Every structure is written in structure tokens, then in C-alpha cells.
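Please look at the sequence and the structure below before reading on.

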Amino acid sequence: MSVKNNLKSILILLSVVCSQSNVFAQDPFAGLEPLFTEPKSYTLFRASAPLSMDGELNEKSWTDALWTEYFIDIEGDLKPAPTYKTRVKMLWDANYLYVAAEMEEPHLWANKQPEKDIIFRDNVFKIFIDPDNNMNDDFEIQINPQNKMLFLIMNKPYRDAGTPVTGWDPIGYKSGVKLLGTINNSGDKDQGWVAEVAIPLAALKFDPHNSKQNTNFRINFLRTNFDFIVKDRVYSKAMDNNGKAFPPHYSCFTSQGIINMHYPERWAYTVFSDKAPAAQSEKFSLPYSEKQRKYLWLAYYRQKEFFKLNKKYANSLKDLNVPESGILIDGKSNLLSMEATSKQFLVLIRENGSANSISVDHDGLIIY
């Protein structure tokens with residue numbers, strides 16, 4: 001072989017090696033960054049007395065409670081801030097989880113006599129709750145400016161072929177709405193509306209004094225606003241050239257990173273405090289187990305991508321460019337493993353040398 005040809009072969013070999021190195025060195029989270037921003041957190045202080053659900057928020061516990069930051073776009077800070085401001089505050093007592101939402105809105109409108117099961121088709125405020133942080137069997141609660149409500153239970157997220165269960169009304173729930181203006185009157189300008197909801201803790205099967213439950217309660221909120229037109233003084237949704245309503249504007253407390261609220265792993269963390277409402281939140285530190293879950297969700301998302309392209313799940317983590325070892329969390333080495341068939345999978349993570357593990361399966365169910 002000539003020197004020239006030999007040099008050419010070496011350059012080709014180096015090119016292949018470098019190419020492979022780039023593949024192995026590739027960030028396994030590349031392309032999924034919006035799904036791995038850390039969710040926000042909120043401290044729920046204990047109300048000193050039961051609260052009236054009237055939208056007034058004039059009890060001392062409410063006035064002392066902290067507002068969240070104003071809502072952001074559902075996809076996060078990379079998108080413009082929502083046109084109208086929304087914020088929330090929360091409290092709890094022995095019987096209820098209390099949620100109050102303040103929503104800026106210059107045009108208050110809704111179906112004059114909406115059917116209970118379709119209020120989400122107009123402007124609405126939604127509460128999403130996963131009381132045990134296992135990402136299945138979650139709750140969705142909706143309320144509109146007319147104080148109409150809808151309750152759903154999700155056995156698992158829609159992405160995993162989940163089915164919503166309707167016809168469930170939590171026994172003992174209370175709600176109230178205060179309109180800062182007049183509804184369905186296009187002749188004036190409104191300020192907005194305040195929604196107040198008391199959700200029975202028993203209906204959520206949640207006990208804030210249970211130390212394990214206390215640290216696992218996840219929640220997020222969504223506000224939907226549709227573009228509208230006024231014809232003959234009546235509000236209706238604006239339609240495109242095909243007669244279809246334009247997609248609503250979505251804003252929420254903590255970023256979902258995707259236009260989909262049914263990613264419960266993206267919901268906010270909570271701290272339940274026995275203290276009275278204070279001017280400062282109690283410190284929240286992301287638990288070690290949540291840092292471990294980051295790698296479970298990485299494998300889960302990559303498996304879903306793989307299935308979409310190949311109509312089957314991958315047999316190994318290597319096929320997904322997901323690391324199996326060398327995972328350092330707070331300076332501790334962790335190992336990732338996976339069992340898979342073409343139709344299902346289970347991914348586990350455990351600290352090196354530990355018998356304890358956390359897992360996620362093809363239905364997004366977390367077992368810990």
C-alpha cells in the first residue's frame with residue numbers, strides 16, 4: 001500500500017472513530033430539555049379556621065397566604081408571557097385542600113347554560129393533582145366563571161391510553177366565584193374573576209400528616225382562554241377559515257414543557273406546613289429520589305420515541321442512548337437497568353450497593 005493510500009485509510013478510520021465518539025458523547029437529554037426543567041414548588045400553610053368559598057379571600061388565613069408567581073405559558077419561559085395575569089394561593093386544614101385563583105380578564109363570558117360535562121370547551125380554570133406521586137390515578141378539577149364544575153379521575157395519562165372517569169363528585173366539596181365585572185355583557189369592560197375551591201382531602205385519599213404522603217403531593221394549574229368574537233352582542237369563539245375554533249391560549253403555574261397537562265411528572269412540588277400562613281415559603285429541596293427519577297423519565301421518553309418509529313420497544317438502554325452506569329447523583333453512583341419486550345418495559349434505578357430501587361413502566365406508573 002502506498003504512503004498516500006495508507007494515509008487516506010488512517011484518515012477514514014479516524015473519521016469513523018470520531019463519529020462514533022460523538023454518538024457516545026452525545027447528551028442523552030438532547031432534544032428533551034423542556035421536559036427536564038425543575039418544576040416549581042409551593043408551601044401550603046394551615047388555615048386557622050374553616051374558609052368560606054365565596055371568592056372574597058378576606059379571611060386572615062387567605063390574606064396572609066402567599067400568591068404564586070404569575071402564570072407562564074404552558075411550554076415555559078421560552079414562550080411569551082400570557083396576555084392576562086393569573087395567580088394562585090393555597091391552604092389546608094384537617095378536612096380540606098383550599099385553592100384560590102385570581103384571573104385577569106377584560107371580557108367575562110361563558111355559555112349561558114353550559115352542560116356540566118362541556119365547560120372545558122370555553123374559558124376555564126383547571127386543577128391537576130397527583131396525591132401520591134406515582135403518575136397514575138390522578139385528579140382533574142375544572143371550574144368556570146359561572147361556578148360550574150367538572151371532576152375527572154384519570155387511571156393513567158392519555159399518552160399511555162388512559163381513560164377519564166367522569167360522574168365523580170367529591171363528597172363535601174365547596175366552591176365559589178366572584179366576578180369582577182358582568183358576565184356575557186359585551187358592552188362593558190371587566191377586570192376578571194376569582195375562583196375558590198375546597199377539595200375534601202378524604203376524596204383524594206391524602207393525609208398531610210402522613211410523612212410519606214406529605215412529601216409526594218404534586219399539583220399544577222391550567223387556565224385556558226379562547227379567542228372570541230362578538231356578534232349581535234353575544235360572545236362566541238373565533239373560528240378559522242375552516243370553521244374550526246382557534247386553539248386556546250394556555251397558561252400554568254409551572255411549565256409543562258409541552259402543550260399537554262397530562263404529564264404529571266411535570267407538576268409542581270408541595271410542602272405542607274402545620275404553621276399559620278407566613279410571609280415566606282418553607283425551603284424546598286428536590287429529594288434524592290426525584291433526581292433518580294430524572295433518568296427513569298429519560299428512558300421512558302426515549303422508549304416512547306422508539307416505539308413511535310419502530311412499532312415496538314427497544315430491548316436495551318444502549319439502543320436508546322441512555323446510560324446504564326456512571327450516573328452520579330449527589331456524588332453517589334447509580335445504576336439503570338431495563339427489562340423489555342416488544343410491547344412493554346420496566347426501567348429501574350438504584351444506588352450502587354443498595355437493594356432499594358425506583359421503577360417506571362410503559363404506562364408511566366412509578367413504583368417506589
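Which strands does helix 4 lie across? Helix 4 (residues 288-310) lies across strand 16, strand 17, strand 18, strand 19 (358-361) and strand 20.

## Basis of the description

This is a predicted model, in which local features need pLDDT of at least 70 and side-chain atom pairs count only at pLDDT 80 or more, while totals for chains, interfaces and linings use all residues. Residues are numbered from 1 along each chain as its sequence is written, and side-chain values use heavy atoms, with hydrogens and water left out.

## Helix 4 and its sheet

Helix 4 runs at about 150° to strand 18; such angles run from 0 to 180 degrees between N-to-C directions of axes fitted to C-alpha atoms, for helices over the stretch in contact. Helices (H or I, at least four residues) and strands (E, at least two) are DSSP runs, numbered from the N terminus. Helix 4 has 23 residues and spans 34 Å from its first C-alpha to its last, close to the 33 Å expected at 1.5 Å a residue (1.5 Å times one less than the number of residues). Just after helix 4, K311 takes a positive phi of about 60°.

The 5 strands form an open sheet in the order 16-17-18-19-20, with antiparallel pairing (two strands pair if DSSP finds at least two bridges between them). Strand 16 (327-329) and strand 20 (366-367) are at the edges with a single partner strand each, so one side of each has no neighbour in the sheet. Strand 17 (residues 332-340) is joined to strand 18 (residues 345-351) by 7 bridges, and E339 stands opposite L346 in strand 18.

## Nonpolar cores

A nonpolar core is a set of buried Ala, Val, Leu, Ile, Met, Phe, Trp, Tyr and Cys residues joined through side-chain atoms within 4.5 Å. The largest has 47 residues, and F221 is among those with the most contacts inside it. Its largest share, 7 residues, comes from strand 4 (residues 96-104). A second, separate core of 28 residues includes L296, Y300, F345 and I366.

## Aromatic pairs

There are 24 aromatic pairs in the structure (ring centres within 6.5 Å; planes under 30 degrees apart are stacked, over 60 edge-to-face and the rest tilted). The rings of W92 and F272 have centres 6.0 Å apart and planes at 70°, so this pair is edge-to-face. W92 belongs to strand 3 (residues 86-92) and F272 to strand 15 (residues 268-272), so the pair ties together parts 180 residues apart in sequence. W92 is buried at 2% relative accessibility (buried means under 20%, exposed over 50%, partly exposed in between, with a 1.4 Å probe and protein chains only), and F272 is buried at 8%.

Definitions and conventions: Contact = heavy atoms within 4.5 Å.
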